[in-house]
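Biologist: Please pick one part of this model and take me through it slowly. I'd like to know what it sits against and how.

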Amino acid sequence: MYGIPWHKRDYKTADWDSSDAVNRALSAANSILYSVCQAAIYSLGYSSVLGFVHTGKMLSFVYDIADLYKAETTIPAAFEAVKKDCKIL
């Protein structure tokens, strides 16, 4: 769809520069989405710890909610940014 070769989701949090552009873009976009979801969850007075699908993490509920929106938001945005050769990545 975007004409970008894709191998797999692979990133190392300790070695950002070793990831390819798509993985860096996905990580950046997902981080923003997590922040938006966390703010919404807290503003409604809910706990971010009580996840349904994800468990055992401080942001389990954040990950649950974010997963509902990734396919429509962060994934296309990341591929579009790489396609346009976004220099911020």
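Modeller: First, a helix here is a DSSP run of H or I at least four residues long, a strand is a run of E at least two long, and both are numbered from the N terminus. This is a predicted model, so to speak of local features we need pLDDT of at least 70, and side-chain atom pairs count only at pLDDT 80 or more, while totals for chains, interfaces and linings use all residues. Residues are numbered from 1 along each chain as its sequence is written, and side-chain values use heavy atoms, leaving out hydrogens and water.

The chain has three helices and zero strands; let's zoom in on α3, residues 74-83. Its buried residues (under 20% relative accessible area, 1.4 Å probe, protein chains only) are T74, A78, F79 and V82. They span an arc of only 130 degrees around the axis, which puts them on the same side of α3; the arc is taken from the directions running from the helix axis to the C-beta atoms.

What does that buried set pack against? Helix α1, which covers residues 21-43. The two axes, lines fitted to C-alpha atoms over the stretch in contact, lie 8 Å apart at about 140 degrees, on a scale from 0 to 180 degrees between N-to-C directions. Touching, meaning heavy atoms within 4.5 Å, are A21, V22, A25, L26, A29, N30 and L33 of α1 with T74, I75, A78, F79 and V82 of α3.

Technical notes:
Buried means under 20% relative accessible area, exposed over 50%, partly exposed in between (1.4 Å probe, protein chains only).
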